[in-house]
Amino acid sequence: MPSAAQETVIADSLDGVDLHNYKIQQASSPQDVLRQRRGRNAAGRPAAQEEDGGARRGPGVVFWEDAPQVLKFNRFIRSGYRAGYSYPQCLASLWGLHNETGNIWTHLLPAVALAMVALGGLERPWAHAGVAYAVTTGSIVGCFVLSVCYHCFMGCHRDYKTWLTLDVCGVYLALLGSQWIAVEWGFPCHPALRLWGNAIYYALGIPGLALSCLAGSPLRRGLPMLLMTAVRVCLLILRWAIAQGSAVAMRHYWAMEALVFVGGVVNVCRWPERWQPAPGPRKAALLDHWGNSHQIMHVCVAAGMLLVHRALGEDAGEAFRAGVECAAR
Ligand SMILES: [Zn+2]
């Protein structure tokens, strides 16, 4: 609690400051009010909004207790919520610190890196497979970009569900965008397996996209993706059993599945922020901004996607050689 002298100083500092912003009004104490007006969050770190030479003020960040219901999907993240932002303010918050900063940058950086590598000609597209290279790279970059948009623009929380749907579409873009090539190149001498493998995967994946977009809970949203993972794992086991395709690619595919699985479990279990609770109501928790479960999941997914890209590159040459041999038999 502030002393009487501190309260006088705080009251003086607040004099003349308009308090129309409901988020600021709902701060728990005069010190919180001051902290937020100064562009600092509850942990004393700079918040998303920065004053523009004192002439323009952006919206603040709020605690869990004051966040809109639609943003309250992880009860262990207690501060740094953006709400009621306009789209320009959401974009400006790319450079600020809030509880989506880590989620944005863990997918923005790999998107930029992969796009630069592909567009900058730093990587030679796979021999005889320019279209497959473009589709795979595009679907992975597209997945990252839609994720970045979701995490950036959810601050405009009235449109939250639209951005969530686009995020789900991005996941499916990556899941559906490269699997047909993995199957085609994974079984170069088994056309029936290629046909059935892709037919089953896409027969699940295309309706799965619609079901996930319409789902009302994370469990229902993730269930079709889980079924698709099961099909991919079965195809990998089959591929291992009949020793088809590149062995290096196989290792990359298994590593990707393991990374995505670990990331998914961490995200569902809300580790490690579950173990670092806030000291009380309207208090920040240690991992509100960095190192929480969703960011760990993002890093795992990004590493997994990049591994798939590498795996397909390994498969490209091997599959072409094996396909020629099979056709000559
Ligand atoms: Zn995310």
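Which residues does the UniProt annotation "binding site" cover? In the unreviewed entry, it covers His151, His294 and His298; UniProt positions follow the numbering used here, feature names are shortened, and annotations may be inferred rather than shown by experiment. The three are spread over 148 residues of sequence, yet they cluster in space, with a largest C-alpha distance of 11.4 Å. Keep in mind that this is a predicted model, where local features need pLDDT of at least 70 and side-chain atom pairs count only at pLDDT 80 or more, while totals for chains, interfaces and linings use all residues. Residues are numbered from 1 along each chain as its sequence is written.

**The annotated histidines**

- His151 is found in helix 6, and His294 lies in helix 12 (helices are DSSP runs of H or I, at least four residues, numbered from the N terminus).
- His151 counts as buried because 25 other C-beta atoms sit within 10 Å (buried takes 20 or more within 10 Å, exposed 12 or fewer, partly exposed is in between, and C-beta atoms are placed from the backbone).
- His294 is buried too, with 21 other C-beta atoms within 10 Å.
- Leaving out residues up to four places away in sequence, His151 touches Glu100, Asn103 and Ile104 (contact means C-beta atoms, placed from the backbone, within 7 Å).
- On the same terms, His294 touches Asn103 and Asn267.

**The nonpolar cores**

- The largest nonpolar core has 51 residues, and Ile140, Cys143 and Met305 touch the most other members (a nonpolar core is a set of buried Ala, Val, Leu, Ile, Met, Phe, Trp, Tyr and Cys residues joined through C-beta atoms within 7 Å).
- Elements giving two or more residues to this core include helix 5 (101–119), helix 6 (130–153), helix 10 (218–241) and helix 12 (293–328).
- Helix 12 supplies the largest share, 12 residues.
- Beyond its neighbours within four places in sequence, Cys143 is in contact with Gly170, Val171, Leu173, Ala174 and Met305.
- Another core, of 11 residues, lies apart from this one, and its members include Phe63, Trp64, Ala67 and Ala83.

**Helix 7 against helix 9**

- The axes of helix 7 and helix 9 (residues 191–214) come within 9 Å and cross at roughly 170° (axes are lines fitted to C-alpha atoms, for helices over the stretch in contact, with angles from 0 to 180 degrees between N-to-C directions).
- That makes helix 7 and helix 9 roughly antiparallel to each other, a label for angles over 145 degrees.
- Among the residues that meet are Thr165, Val168 and Tyr172 in helix 7 and Tyr202, Gly205 and Leu209 in helix 9.

Conventions. Two residues are in contact if their C-beta atoms, placed from the backbone, lie within 7 Å. Angles under 35 degrees count as roughly parallel, over 145 as roughly antiparallel, 65 to 115 as roughly perpendicular and the rest as oblique.
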